[in-house]
Amino acid sequence: MEESQAQAANFPFCTIEPNVGVVGVPDPKLDVLADMSKSEKVVPTSLAFVDIAGLVAGASKGEGLGNKFLANIRECDAIVHVVRCFEDANIVHVDGSVDPLRDIDTINLELILSDIEQIERTLQRAKKGKQSDQQKLLAGALERIFEALNSDKPARFVELDPDEELAVKSLGLLTKKPVIYAANVIDTDLSAGNEMVDKVRQFAGKEGAEVVIISAQVESELVDLDPDERKEFLDDLGVKEGESGLPALIRAAYKMLNLQTYYTTGPKETRAWTIKVGATAPQAAGEIHTDFEKGFIRAETIGYDDLVKCGSEKEAKEKGLMRSEGKEYVVKDADVMLFRFNV
């Protein structure tokens, strides 16, 4: 991830221990702001990806490597399911043939079975002794989820009220997490996909999931190329830089997780920060440090486009475009902010 390579091999279960990759989010706005502020350092925001071993049918019963390693992704915010969408007799498939929808069903069933096991343990503990109101709330929500899982429906399809959502969050139910299907194709299909990708899109559309076309083959080759060579390589494939692979996956993750970016900039540093859409100015400040949120006074704020048009913070203030926002202000995507606080 980000020009590092996890082990890859032509046999099942090459990945045993999870690979964790932290990738900086590509963002051309950072360089523009850094040039304007003459910043010494530029720090992009980042996403962490946890790569775990593949699942096979019967993993919940110990087939393959089993499903115990699923605990490694219970703390993740979303699941990226890499789905094989190419034929190649030289690359083995654990089931002996390529069928993306069968593979999706296999994984989804194993995730459901893992969640069922998790819920059964939780409900057994909850039934011991007198239940608090919070435990009753949790048990009620889990019983409804349990019923859905036994009908082969993921937990995210079960409607919960805000209190129930909060109660079940700590369990890290896998089928509660949003899903992005990464359709893995050969290089010649990267620009437009293929029939297998179309099937994945149809399936994903029914459950409100995102689909991104990637090519592990292409990504592995891009690692060794400089920027100009990368552009030329992608141009030859009919792919615009940033519209496939990792950048496209990052955009899909932001959309799926309802995330946005704001910026801080100055002589020492220009940095991007990730927050939830709908976050208030104090909550955004808290991403920098909890003291910023606790002692929040106001936030000097301007939209990125307005700041760039002005050419400098000084010019923006003279034109009256720099705003002083209070505690109720809802941060917009690409806001540039300076927080005033008192500890």
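Me: Is Lys38 buried or exposed?
Reply: This is a predicted model. Exposed means over 50% relative accessible area. Lys38 is exposed, because its relative accessible area is 69%. Lys38 sits in the loop between helix 1 and strand 2. Its backbone has a positive phi of about 55°, although Lys38 is not a glycine.

Me: Which loop holds Ala334?
Reply: Ala334 lies in the loop between strand 10 (323-325) and strand 11 (335-341). Phi of Ala334 is near 75°, a positive value in a residue other than glycine.

Me: Does Ala334 count as buried or exposed?
Reply: Buried means under 20% relative accessible area. Ala334 has 12% relative accessibility, so it counts as buried.

Me: How many helices and strands does the protein have?
Reply: The protein has 12 helices and 11 strands. Of its 343 residues, 44% are buried. The accessible surface comes to about 19200 Å². Carbon and sulfur atoms hold 50% of that surface.

Me: What share of the contacts between residues at least 6 apart in sequence join residues at least 24 apart?
Reply: The share is 66%. Here is one pair to look up. The C-alpha atoms of Asp27 and Thr261 are separated by 9.9 Å. Along the chain, Asp27 and Thr261 are 234 residues apart.

Me: Where is Asp27 found?
Reply: Asp27 is in the loop between strand 1 (19-24) and helix 1 (28-37). Its relative accessibility is 19%, so Asp27 counts as buried. Leaving aside residues up to four places away in sequence, Asp27 touches Thr261 and Tyr263.

Me: Now the strands. What is the order of the open sheet with 3 strands?
Reply: Start with the general idea. In a regular strand the side chains alternate between the two faces of the sheet. Now the case here. The order is 4-5-6, and the pairing is parallel. From one strand to the next, the twist averages 25°.

Me: Which strands stand at the edges of that sheet?
Reply: Strand 4 (79-84) and strand 6 (210-214) do. Each has a single partner strand, so one side of each is left without a neighbour in the sheet.

Me: How many bridges link strand 4 and strand 5?
Reply: Strand 4 pairs with strand 5 (residues 179-184) in the parallel sense over 6 bridges. Find Val82, which stands opposite Ala182 in strand 5.

Me: Which strands does helix 2 touch on the sheet?
Reply: Helix 2 packs on the sheet and touches strand 4 and strand 5. The direction of helix 2 makes about 145° with that of strand 4. Helix 8 (residues 245-257) packs on the sheet too, touching strand 4, strand 5 and strand 6. The direction of helix 8 makes about 170° with that of strand 6.

Me: Which strands pair with strand 8?
Reply: Strand 2 (residues 41-43) pairs with strand 8 (residues 269-276) in the parallel sense over 3 bridges. Strand 7 (residues 259-265) runs antiparallel to strand 8, and 7 bridges join them. A hairpin through 3 residues joins strand 7 to strand 8. Look at Thr270 in strand 8. Thr270 is the bridge partner of Val42. Thr270 is also the bridge partner of Thr265.

Me: Now the helices. At what angle do helix 2 and helix 3 cross?
Reply: The general idea comes first. Two packed helices are described by the angle between their axes and the distance between the axes. Helix 2 (residues 100-126) and helix 3 (residues 133-149) cross at roughly 150°. Their axes come within 10 Å. Helix 2 and helix 3 are therefore roughly antiparallel. Their crossing is left-handed. Residues in the contact include Ile112, Ile116 and Ile119 of helix 2 and Leu138, Leu142 and Phe146 of helix 3.

Me: How do helix 3 and helix 4 cross?
Reply: Helix 3 and helix 4 (residues 162-169) cross at roughly 90°, with axes that come within 9 Å. They are therefore roughly perpendicular to each other. Among the residues that meet are Leu138 and Ala141 in helix 3 and Ala167 and Val168 in helix 4.

Me: What angle do helix 2 and helix 5 make?
Reply: Helix 2 and helix 5 (residues 195-207) cross at roughly 40°, and their axes come within 9 Å. Helix 2 and helix 5 are therefore oblique to each other. The residues that meet include Leu101 and Ile104 in helix 2 and Val200 and Phe203 in helix 5.

Conventions
Residues are numbered from 1 along each chain as its sequence is written. This is a predicted model: local features need pLDDT of at least 70, side-chain atom pairs count only at pLDDT 80 or more; totals for chains, interfaces and linings use all residues. Side-chain values use heavy atoms; hydrogens and water are left out. Helices (H or I, at least four residues) and strands (E, at least two) are DSSP runs, numbered from the N terminus. Buried means under 20% relative accessible area, exposed over 50%, partly exposed in between (1.4 Å probe, protein chains only). Contact means heavy atoms within 4.5 Å. Accessible areas come from the Shrake-Rupley method with a 1.4 Å probe; for residues, only the protein chains shown count as cover. Two strands pair if DSSP finds at least two bridges between them. Axes are lines fitted to C-alpha atoms, for helices over the stretch in contact, and angles run from 0 to 180 degrees between N-to-C directions. Angles under 35 degrees count as roughly parallel, over 145 as roughly antiparallel, 65 to 115 as roughly perpendicular and the rest as oblique. A crossing is left-handed if the near helix is turned anticlockwise from the far one by less than a right angle, and right-handed if clockwise.
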